[in-house]
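Welcome! Have a look at it, and then we will walk through a few of its parts.

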Amino acid sequence: MSIVRIDDLTKRFGGVTAVDRVSLDIGDGEFVALLGPSGCGKTTTLRCIAGLESPDEGSIQLGGGTVVDRSRGYELPPHKRDIGMVFQSYALWPHMTVVQNVSYPLRLKRERKQAARAKAMDALELVGLADYAPRSVSALSGGQQQRVALARALVREPSVLLLDEPLSNLDAALRTQMRVELKRIHEQTRSTMVYVTHDQEEAVSMSDRIAVMHGGRAVQVGTPREVFDAPSTRWVAEFLGYENILPGRIEAIGGAGTEVRPDGWDAGLLCARPAAGCSTGDRVWIAVRSTAIGFGDRSADRPNLLDAKVLRSTFLGTVTEHEVSAFGSGLVVKQLTADGVRPTGAQADEAVIRVDPTQIALIPITDEPATDEPVTNESTTGGLATGNGSAS
Ligand SMILES: Nc1ncnc2c1ncn2[C@@H]1O[C@H](COP(=O)(O)OP(=O)(O)OP(=O)(O)O)[C@@H](O)[C@H]1O
């Protein structure tokens, strides 16, 4: 049964369509991340679920009950929705102790002091802060304050917990630690969680499913594996860090996989992943991560060996990044430093590269109009992706 059901949700701010016909079903106990670059509509979607924004179109159901339905002008106020929220800013009461902050939502609901305190202590136990109960929240670190905010959201046992970039104010080490903590809390409580983030690692490491958002739309929804291994559009592939994206055509589909030929190449590539919805002759984007290309050796009889020219090599600390050219296409190759010694050909800048057939994603080229908007993604190197970008 879906605990959150969003149908055709649209929210406009003046001329800006912040959320554009988003539909999403979230099951009981699921952890779903809304992932996308800044301004793609993640927070607005979350705020519509919470009732902090009033959508222009569409409907939302929580726990089977309608909370907003624009078609009949129905809208339930935020305090009547069975949700808990955790924001980027912890929004705690600085003059209250830890336990007072956590029990506050129950006191607002007129729960008796002793019962509220007992539930608050259980919630603090869950986030590992029971020993801090009598302290003033102002005396806690950022990470501890975020845990208090989490305990406060959990204390009412809401059917849905909405989290808006809750870890973004923490330093990198604490963020990683809190990620593990949040996952544990989710496993322990099995609460349904909707988590807004622009951080891919966060989304992948915690979520059961990810909804990738772009320009107000949920452009792909799936498990982390599905989304990362089979991006549905060129934009999603680029956003998820595929540095090499070439336009090409499917030559043949056989037992060993799909043969594709990038435009302008004298050789094809074997792709071992299933090419869902593709047929021979189809135009496709051929997407390959830089880590899926290595230096090879002609003496081995393996598929996808190509002669290439090494244009530049840059040591990046743990990996070495090479920019190479094969059949006139620029490619980014990344190797662990330990494997970074590349076999040279007759000339110092010549090498044989190998594209791992199991690591190639094929994306049908559709006639959708291109967006000129660049992909903003900290983990993307902004390499030598080619193609005219005329389709997504
Ligand atoms: N109150 C508002 N008034 C006007 N425009 C708004 C308002 N809230 C959001 N927007 C616009 O709607 C679009 C989506 O914003 P939203 O905050 O939902 O994106 P986001 O994906 O959460 O971004 P970020 O990661 O930067 O928070 C943006 O273009 C934003 O400028």
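Predicted model: local features only at pLDDT ≥ 70, side-chain atom pairs only at ≥ 80, totals over all residues.

Residues are numbered from 1 along each chain as its sequence is written. Helices (H or I, at least four residues) and strands (E, at least two) are DSSP runs, numbered from the N terminus.

H2 covers residues 98–108, and its buried residues are Val98, Val99, Asn101, Val102, Ser103 and Leu106. Here a residue is buried if 20 or more other C-beta atoms, placed from the backbone, lie within 10 Å of its own. Those buried residues of H2 pack against helix H3 (113–126) and H4. Two residues are in contact if their C-beta atoms, placed from the backbone, lie within 7 Å.

The largest nonpolar core has 107 residues, and Leu124 is among those that touch the most other members. Helix H4 (residues 142–154) gives the most to this core, with six residues. Such a core is a set of buried Ala, Val, Leu, Ile, Met, Phe, Trp, Tyr and Cys residues joined through C-beta atoms within 7 Å. In soluble globular proteins, nonpolar side chains tend to be buried together.

Why does Val284 count as buried? Because 22 other C-beta atoms lie within 10 Å of Val284. Val284 and Leu362 are 78 residues apart in sequence, yet 6.1 Å apart in space, C-alpha to C-alpha.

The table sets out the contacts of two residues, leaving aside neighbours up to four places away in sequence.

| Residue | Contacts (C-beta atoms within 7 Å) |
|---|---|
| Leu124 | Val98, Val99, Val102, Leu129, Ala130, Ala133, Ala151 |
| Val284 | Gly248, Ile250, Val260, Cys278, Leu362, Ile363, Pro364, Ile365 |

**An open sheet**

Five strands form an open, antiparallel sheet in the order E2-E1-E4-E5-E6. At its edges are E2 and strand E6 (74–75), each pairing on one side only. Two strands pair if DSSP finds at least two bridges between them. E4 (residues 57–62) and E5 (residues 65–69) pair over four bridges, and Gln61 stands opposite Thr66 in E5.

Definitions and conventions: Buried ≥ 20, exposed ≤ 12 C-beta atoms within 10 Å, placed from the backbone.
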